[in-house]
Amino acid sequence: MSISKILNSLEKSWERDFILLNIKKGLGTDEIVKEFLMKNEKQIKELNYLLRPEDIELLNQVEKLSTCESKLINEIKNLNYLENNHIINKKKIVPSNRVSFNKISSFMINWSNKFVVIALLTISAIALSKQAWA
C-alpha cells in the first residue's frame, strides 16, 4: 500500500468531530491517542516502514506547526480571560459616583482631535489678524 493511501485511511479514522466528542465526554488526550494507535496498528507500522528520512523531517515540521498553533490558541484564550477578568475587576473598583469622570474621559477621547484643530485654527486666525493690523 502506498503512503498516500495509508495517510488517507488514517485521516478518515481520525475524525475530528468524534475526537471532540470524546474530549467532551472526559477522555484524556493520551487515552484518545492510545486508542487510535491500537485501532490502526497495522497501518501505522506499514507507514513507519515506508517513511523516508525526508518524510520524517516533514513530520517534525508538522509537529512544530501543531505546537505553534496550540500555543497560539492558548495565548488567545489567556488574553481573552485576562481582558474579561480586567473588565470585571474594573467594574468592581469603579464606584457609581465616578461616572462623570468616565464621561469626561470619553468626551476627551472622542473630541480631543477636533478641539485641537479648532484651537490651532483660532490661534492662526488671531495671529494673521494681528499681522494684518500691524
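Arg52 pairs up with Asp55 in a salt bridge whose closest N and O atoms are 3.2 Å apart; the term covers a side-chain nitrogen of Lys or Arg within 4 Å of a carboxyl oxygen of Asp or Glu. Before going on, some housekeeping: this is a predicted model, so local features need pLDDT of at least 70 and side-chain atom pairs count only at pLDDT 80 or more, while totals for chains, interfaces and linings use all residues. Residues are numbered from 1 along each chain as its sequence is written, and side-chain values use heavy atoms, with hydrogens and water left out.

**Salt bridges**

The structure holds four salt bridges, including these:

| Salt bridge | N to O distance |
|---|---|
| Arg52 and Asp55 | 3.2 Å |
| Arg52 and Glu54 | 3.2 Å |
| Glu41 and Lys45 | 3.3 Å |

Arg52, Glu54 and Asp55 are linked in a salt-bridge network. How accessible are its members? Arg52 is partly exposed at 45% relative accessibility, and Glu54 is partly exposed at 47%. Asp55, on the other hand, counts as buried at 15%. For these labels, buried means under 20% relative accessible area, exposed over 50%, and partly exposed in between, using a 1.4 Å probe and protein chains only.

Glu41 and Lys45 sit together in helix H4 (residues 41-50), four residues apart, or about one turn of the helix. Helices here are DSSP runs (H or I, at least four residues), numbered from the N terminus. Glu41 is partly exposed at 41% relative accessibility, whereas Lys45 is exposed, at 56%.

**The aromatic pair**

A search of the whole structure turns up one aromatic pair. Trp14 and Phe36 form this edge-to-face pair, at 5.0 Å centre to centre with 85° between the planes. Rings of Phe, Tyr and Trp (its six-membered ring) pair if their centres lie within 6.5 Å; planes under 30 degrees apart are stacked, over 60 edge-to-face, and the rest tilted. The pair links distant parts of the chain, 22 residues apart: Trp14 is in the loop between helix H1 (3-13) and helix H2 (16-25), and Phe36 is in helix H3 (residues 29-39). Trp14 is partly exposed, at 34% relative accessible area, but Phe36 is buried, at 15%.

**Phe36 and the core**

Setting aside neighbours within four places in sequence, Phe36 touches Leu10, Ser13, Trp14 and Ile44, where contact means heavy atoms within 4.5 Å. Phe36 also belongs to the largest nonpolar core, a five-residue set with Ile6, Leu10, Leu47 and Leu51. Such a core is a set of buried Ala, Val, Leu, Ile, Met, Phe, Trp, Tyr and Cys residues joined through side-chain atoms within 4.5 Å.

Definitions and conventions: Helix = DSSP H or I, 4+ residues; strand = E, 2+ residues; numbered from the N terminus.
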